[in-house]
Amino acid sequence: MWLAVGIVAALAAAAGVAIAQAGSESGSAEPTIQIATHTEHQATPTLSTPPATERNVVNPGAAACSKEVQAAEAVVLVAAAATEHWREHVQARTDLLAGKNSEEQTKAIWKRTRLLGPADKAAVISAVAERAATRGGCNGVPGKAAVVCKQRLAALDAAGTANRAAAGDWAAHLQAMAAHAAGDFGAEHAQDLWVAAWTAAPRNLDAAARATAALTAAPACKPA
């Protein structure tokens, strides 16, 4: 079975986030905006794997390898989606500072991405658990195919790990926004966390973009 995975490279670095935005629906104000640099915003990559062939169904080794690669792909997909929402969140602030967005437009982007956050977190947790459950599935593939499939998995896992790091920044920001909205700390501390998250965001966003782009050079896994 061919596990050709089509990937549109994406994800670029961006800037920061409004930590107090979680309380916007209840009337809480956004924190003071401060300037930082960023890179251009890009689309989330997509991955696709064709269904198992009859040969893979009757070949346990090939079927197990197919399942492992699919699980690794799923981690990349969901973690990249979470990373993209984080990127949009920080890009909105940067665009506001540059005069590209109005305050109203920026808050709309913040709200939309924030509301997607819980689903992002749940999807990443589920995909990572499935990846762990399928690990080693390609070990039963013989010969040259085993080497190629391991190379593919290494590239997928690298992209998954990098995107999970950026998605982790997103989850941490969501948690901080929720804590601020709950009254755990005031606006001044919220602003400090906001600036710190915004300043640090490019590192993991850039790494995620590089690792995802590297998938285009990884060989296709053909276990059967």
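Tutor: Leaving aside residues up to four places away in sequence, Arg 131 touches Glu 68, Ala 71, Ala 72, Val 75, Leu 153 and Asp 157, where a contact means heavy atoms within 4.5 Å. The model is a predicted one, in which local features need pLDDT of at least 70, side-chain atom pairs count only at pLDDT 80 or more, and totals for chains, interfaces and linings use all residues. Residues are numbered from 1 along each chain as its sequence is written, and side-chain values use heavy atoms, with hydrogens and water left out.

Arg 131 belongs to helix α3. With a relative accessibility of 5%, Arg 131 counts as buried; the term applies under 20% relative accessible area, exposed applies over 50%, and partly exposed lies in between (1.4 Å probe, protein chains only).

The setting is a protein with five helices and zero strands, arranged along the sequence as α-α-α-α-α. Helices here are DSSP runs of H or I with at least four residues, strands are runs of E with at least two, and both are numbered from the N terminus. Of the 224 residues, 44% are buried. Among contacts with a separation of 6 or more, 88% link residues 24 or more positions apart.

Axes are lines fitted to C-alpha atoms, for helices over the stretch in contact, and angles run from 0 to 180 degrees between N-to-C directions.

Helix α2 (residues 60-97) packs on helix α3 (residues 103-134) at about 160°, their axes being 8 Å apart. The two helices are therefore roughly antiparallel, a label for angles over 145 degrees; under 35 is roughly parallel, 65 to 115 roughly perpendicular, and the rest oblique. The contact between α2 and α3 comprises 17 nonpolar, five polar and ten charged residues. In this scheme Ala, Val, Leu, Ile, Met, Phe, Trp, Tyr, Cys and Pro are nonpolar, Asp, Glu, Lys and Arg are charged, and the others, Gly among them, are polar.

On α4 (residues 143-181), the axis comes within 10 Å of that of α3, and the two cross at roughly 140°. That angle makes α3 oblique to α4. The crossing of α3 and α4 is left-handed, meaning that the near helix is turned anticlockwise from the far one by less than a right angle, with clockwise giving a right-handed crossing. Arg 131 is one of the α3 residues that meet α4, together with Thr 113, Arg 114, Gly 117, Asp 120, Val 124 and Val 128. On the α4 side, the residues met are Leu 153, Asp 157, Arg 164, Trp 170, Leu 174 and Met 177. This contact of α3 with α4 divides into six nonpolar, two polar and five charged residues.

Helices α2 and α4 also pack on each other, at about 35° with axes 7 Å apart, and their crossing is left-handed. The residues of that contact are 17 nonpolar, six polar and five charged.
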